[in-house]
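User: Please take a close look at one part of this model, the aromatic rings and the helix that leads up to some of them. I would like one connected account.

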Amino acid sequence: MTSPSDFIKELVNRTCLQRYSVALEQWQVSLIWSFTVSIFCIGGLLGSLVAGRLISKYGRKQCLLLNNFVAIFGALLMLLSRKAMSFEMIMVGRFLYGINSGVSLSAHTVYLVECAPKRLRGMVGVTVATFISLGKFSGQLLGISELLGTEQRWPWLLGFNGFTALLQLTTLPLLPESPRFLLLDRGDRLACDKALKRLWGNKDYSTEVEEMMKEKAALQSIHNHSVMELIQNRTVRWQLLTIIVYFTTLQLCGINAVYFYSFDVFRAAGIQEQQLRYTALGTGLCELSTSVACFMIIENMGKKVLLFRGYMGMSATLVLLTITVYLQTQVSWMPYCSMVLIFLFIFFFSSGPAGVTAPLPGEIFTQSFKSAGYTIACTINWTGLFVLGMLFPIIVEYLDYFCFLIFLIFCTACGLYVRFNVPETKNRTALEIAAEFERMHCKSGESKDKSTDPAKLSETITWCLLTEV
């Protein structure tokens with residue numbers, strides 16, 4: 001939306017002048033523009049609230065397929081908005097894009113994690129952030145004036161999401177439904193075996209099936225839990241707290257503030273105004289390339305290590321960035337230090353929090369809690385994005401670059417929480433992760449002794465789940 005912003009504001013003015021013979025003032029145009037941008041988050045929140053129920057009822061694949069029609073309809077509204085002289089069509093299109101994103105973020109992540117073998121689950125989960133970074137970079141690239149960022153072609157820029165939806169609509173039917181959904185939710189062992197064979201070939205997947213059967217046996221009498229049941233269930237309180245901490249910090253880690261101030265830093269470094277858009281491509285390319293690197297190393301390093309190092313690195317960078325931005329008008333070479341720190345901050349963000357956080361609910365919750373876990377996570381994500389979008393201009397107005405210190409608190413607190421309260425999830429099932437949470441936070445010495453045996457602790461967690469129901 002950044003590239004065509006001037007053209008959209010002009011459309012708002014021309015529409016009101018033609019329709020109502022009223023010339024809007026600048027603050028009125030800005031208000032309409034802010035609402036047009038923010039309504040995406042409202043749609044995303046609505047989509048995330050219904051996503052859990054949809055993916056449990058219709059399945060992951062079917063939910064993703066039907067969700068494409070929402071994006072296609074939104075794209076059509078975007079494409080026709082200028083011709084129809086209606087900025088309201090852009091608002092509705094943005095709202096539909098938000099719903100599509102809210103549903104997709106849950107359904108797509110669950111589908112990927114459940115289709116991947118346990119040894120590749122972390123690597124596959126990171127691809128969610130990788131392709132989000134690719135989407136950002138593609139939007140920046142398509143938005144330059146040499147491509148779609150012109151007065152004549154900007155509706156095609158806004159409607160480009162429709163083409164990606166068409167691509168998924170034509171290719172996704174070639175893939176099977178999630179094997180875990182088929183076995184644990186539908187109880188169809190034959191369909192599960194068929195899906196695994198199509199996904200993994202003729203390799204031996206008996207271990208994964210055995211683990212799924214154990215989870216199915218443990219949760220045989222347990223239905224899919226609602227959000228309220230998840231909140232009230234004491235056996236998963238640490239998993240729930242982890243989701244709240246992770247997704248809250250993801251929005252309040254300062255990445256949006258760093259991007260916001262990057263243009264001021266680049267200007268201070270002497271980059272010409274007409275070249276700033278190409279510099280912005282550099283930040284998007286940095287995020288994309290780092291996310292790809294994270295994809296390659298996550299299985300060796302582990303998610304806990306990446307998250308801890310990522311947030312601690314971001315904290316240190318924010319301290320230094322506050323100092324360099326403060327001194328950039330006093331020391332001639334300081335803006336160049338700020339440029340390096342901006343790219344370093346993006347590196348730490350993309351190499352840890354951005355890649356690891358999104359698939360987390362699908363890994364630390366058992367099947368019956370998974371949909372509710374994603375609903376809570378995505379609700380926090382979209383609410384945080386909306387609130388930050390509304391309050392950030394006010395924060396900047398009063399605190400300027402010292403706003404980095406607010407984000408520093410969240411990054412440091414989350415890093416310490418990861419270090420002392422979260423187990424490593426690499427190559428572990430949901431029941432094993434639950435057992436590790438219980439071991440880390442068990443209070444009695446007797447329980448601590450028992451918790452050293454993963455098998456016994458897994459049985460304890462299963463019994464707790466059953467007794468809670």
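**Rings and a kinked helix**

In this predicted model, R419 lies over the face of F420, 5.2 Å from the ring centre.

Ring-to-ring contacts come next. The count is eight aromatic pairs. One of them joins F160 and F163, with ring centres 5.8 Å apart and planes at 50°. Planes under 30 degrees apart would be stacked and those over 60 edge-to-face, so this pair is tilted. F160 has 34% relative accessibility and counts as partly exposed; F163, at 41%, is also partly exposed.

Y401 and F402 form another tilted pair, at 4.9 Å centre to centre with 40° between the planes. Y401 has a relative accessible area of 14% and is buried, because the limit for buried is under 20%. F402, at 39%, is partly exposed. Ring pairs also bring in Y326, which forms a cluster with Y401 and F402.

Now the helix. α19 covers residues 367-399, which is 33 residues. From its first C-alpha to its last α19 reaches 44 Å, close to the 48 Å expected at 1.5 Å a residue. The helix has a kink of about 40° at L391, shortly before the proline P393. After α19 comes D400, with a positive phi near 55°.

Technical notes:
Residues numbered from 1 in each chain as written. Predicted model: local features only at pLDDT ≥ 70, side-chain atom pairs only at ≥ 80, totals over all residues. Heavy atoms only, no water. Phe/Tyr/Trp six-rings, centres within 6.5 Å; stacked < 30°, edge-to-face > 60°. Buried < 20%, exposed > 50% of the residue type's maximum accessible area, 1.4 Å probe, protein only. Lys NZ or Arg CZ within 6 Å of the ring centre and 35° of its normal. Helix = DSSP H or I, 4+ residues; strand = E, 2+ residues; numbered from the N terminus. Expected span 1.5 Å × (residues − 1). Bend = angle between axes of the 7 residues up to and from the residue.
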